[in-house]
Amino acid sequence: MKIFGKRLFRPRSIWIRRVVQWFFFLLIALISVNHTLVESGGGIPFLSTASLHSLCPFGGVVTIYQYATVGTFVQKIHESAFILMIIGFVLAFLFGPVFCGWVCPLGTVQEWVSKLGKKFFKRKFNHFVPTKLDNILRYLRYVVLAWVVYVTATSGTLIFAEYDPYFALFNFWSSEVAIGGLIILGVTLILSVFVERPWCKYACPYGAVLGITNLFRVFQIRRVESTCKADGACSIMCPMNIPVDAVKTVRDHQCISCLECTSEAICPVAKTVVFNAGGIK
Amino acid sequence: MNLTSKPLAAIIFVILFGGIMFTTATGWWKTESTKQPATFTEGEFAGVANPADIRGSYTFGDIEKAFDIPSSILVQAFVIETSDPAAFAVKSLEEIYAASEFEIGTASVRLFVAFYKGLPMDLTTDMYLPENATILLKERTLTPEQLTYLDAHTVPNPAAASSAPEVATVQVTESAPEVVATPSPAMSEVSIERLVKGKTTFREVLDWGVSQEIIEQIIGAPMPNPLTKVKDFCTEKGLDFEVIKPALQTEVDKVKP
């Protein structure tokens with residue numbers, strides 16, 4: 001951070017998050033490649049050959065209705081997706097949408113592309129969408145969620161796979177990928193040059209589900225007003241444009257628990273923006 | 001209590017992989033459908049795996065395990081060129097034989113397995129086999145009824161498979177195939193998608209334009225929750241899926257997409 005041209009504070013990064021993101025990106029990419037290799041008679045030893053559908057926790061969410069009414073899973077969805085959904089909910093109940101901020105490879109790829117945007121547009125990056133419009137668009141993902149749940153419940157098939165950029169990202173080489181998914185993936189990556197995590201902000205139905213947990217998660221992002229210097233660094237750094245410096249506790253449904261706003265990263269004052277359970281004394 | 005990034009990363013790993021390991025240990029973690037077909041429940045073959053339950057997601061390796069038929073025989077029968085016969089998925093047959101006028105797919109594999117192992121099979125519906133499969137089967141002991149059925153349900157091997165392994169002992173019998181299907185590109189993508197299969201739900205049949213009334217006439221009972229698979233319903237109600245399936249398919253085919 002620079003004031004009058006002097007660097008007063010060297011912002012730190014949550015480097016461990018990058019390591020975790022890389023790990024899950026490579027893991028899912030390798031499993032997806034392995035799935036294709038196995039179908040053609042090859043395969044990487046000791047690595048799962050599961051399909052992407054069976055490793056997607058959102059698959060568990062969309063199959064809830066069918067499981068409750070008929071007792072079966074939607075086609076292509078298996079027990080593993082249901083279990084991952086439960087694990088995702090446990091993590092979200094405790095820490096909020098850490099799945100989005102730490103695990104989801106599509107979020108990771110968007111962050112990588114956004115580095116280009118940060119270089120090109122500097123401070124203008126991630127501030128292209130007018131605030132009023134942005135505030136409305138943020139709820140679009142709940143419309144997507146309602147649509148996906150409805151069409152899956154009424155059709156009993158995984159219709160969202162036709163449009164899913166996450167599936168397209170790890171299957172673009174296979175015949176299973178739909179053109180709709182590839183187009184949405186392409187648009188998402190292009191938009192990532194201008195906006196941080198555009199898919200997560202405006203369209204991701206799984207992010208919409210997990211985002212609700214920000215209202216009641218056990219560990220919350222909290223700002224200690226007494227020590228806060230009100231420099232706005234936390235709000236500037238937030239990839240989801242949440243005005244952290246304007247609230248005591250972040251309950252915004254868009255928070256992805258990346259911890260980039262905390263005193264461990266951008267906030268220059270120790271123990272001022274913290275990830276905390278039980279409240280601040 | 002404050003939490004920083006490193007403990008959070010560790011907790012994410014512990015909960016995620018701990019959950020997967022725990023559910024793997026308990027047998028709940030499954031990333032694919034069970035590849036063990038249902039068994040005959042009564043009669044001479046009670047307890048034996050039923051070929052009618054072979055699904056498109058099975059590989060030739062799965063069939064080898066369940067029915068003790070070598071994958072090498074299966075690739076020979078269906079004229080498949082592959083370095084790993086056990087990994088070949090049954091559902092891939094439809095792509096290979098897409099140009100054939102008569103469907104060679106999962107039902108063909110069921111028929112082949114049943115005849116090869118001498119197991120009962122409902123022959124009231126039309127299921128087709130390539131020439132290689134028929135030749136292999138005729139080397140085994142078949143009933144006159146099965147021989148007649150084979151003669152009427154054999155189609156030429158796929159053209160692209162000319163370099164495929166030849167059947168070792170080619171015995172051209174007197175009963176040459178009566179039905180010689182000319183490979184044709186007529187089978188469109190749409191018609192492939194509108195096929196009643198084991199995983200087809202009542203919702204899909206409705207979406208293909210068949211009315212609930214007609215469906216109920218065919219199944220002889222009120223239609224269950226539309227998300228129910230037709231095959232599951234048949235199994236539950238003791239109906240023969242191999243009878244219901246073609247009846248529904250006929251109605252689906254009547255409706256233009």
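Chain B contains 12 helices and two strands, where helices (H or I, at least four residues) and strands (E, at least two) are DSSP runs numbered from the N terminus. The model is a predicted one, in which local features need pLDDT of at least 70, side-chain atom pairs count only at pLDDT 80 or more, and totals for chains, interfaces and linings use all residues. Residues are numbered from 1 along each chain as its sequence is written, while chains are lettered from A and ligands numbered from 1 in the order in which they are written.

Read from the N terminus, the order of elements in chain B is α-α-α-α-α-β-α-α-β-α-α-α-α-α. Of the 257 residues in chain B, 31% are buried; a residue is buried if 20 or more other C-beta atoms, placed from the backbone, lie within 10 Å of its own.

I turn now to helix α5 of chain B. This helix covers residues 106-117, and its 12 residues reach 17 Å from the first C-alpha to the last, close to the 16 Å expected at 1.5 Å a residue; the expected span is 1.5 Å times one less than the number of residues. Because 11 of its 12 residues are buried, α5(B) is largely enclosed by the rest of the structure. Among those buried residues are Arg110(B), Phe112(B) and Tyr116(B). Their packing partners in chain B include α2 (60-67), α3 (71-77) and α7 (144-152), as well as the strand β1 (129-130). After α5(B) comes Gly118(B), with a positive phi near 70°.

Next, a helix pair. Helix α10 (residues 212-219) and helix α12 (residues 241-254) of chain B pack at an angle of about 155°, and their axes are 10 Å apart; axes are lines fitted to C-alpha atoms over the stretch in contact, and angles run from 0 to 180 degrees between N-to-C directions. α10(B) is therefore roughly antiparallel to α12(B), a term used for angles over 145 degrees. On the α10(B) side the contact is made by Ile214(B), Ile218(B) and Ile219(B), and on the α12(B) side by Ile244(B), Ala247(B), Leu248(B) and Glu251(B). Two residues are in contact if their C-beta atoms, placed from the backbone, lie within 7 Å. The contact residues comprise six nonpolar, no polar and one charged.

Finally, the interface. Here 37 residues of chain A are in contact with 33 residues of chain B. Several elements of chain A each supply at least two residues to that side, including α1 (15-39) and β4 (273-277). The most comes from α4(A), with seven residues.

How values were computed: Angles under 35 degrees count as roughly parallel, over 145 as roughly antiparallel, 65 to 115 as roughly perpendicular and the rest as oblique. Ala, Val, Leu, Ile, Met, Phe, Trp, Tyr, Cys and Pro count as nonpolar, Asp, Glu, Lys and Arg as charged, and the others, Gly among them, as polar.
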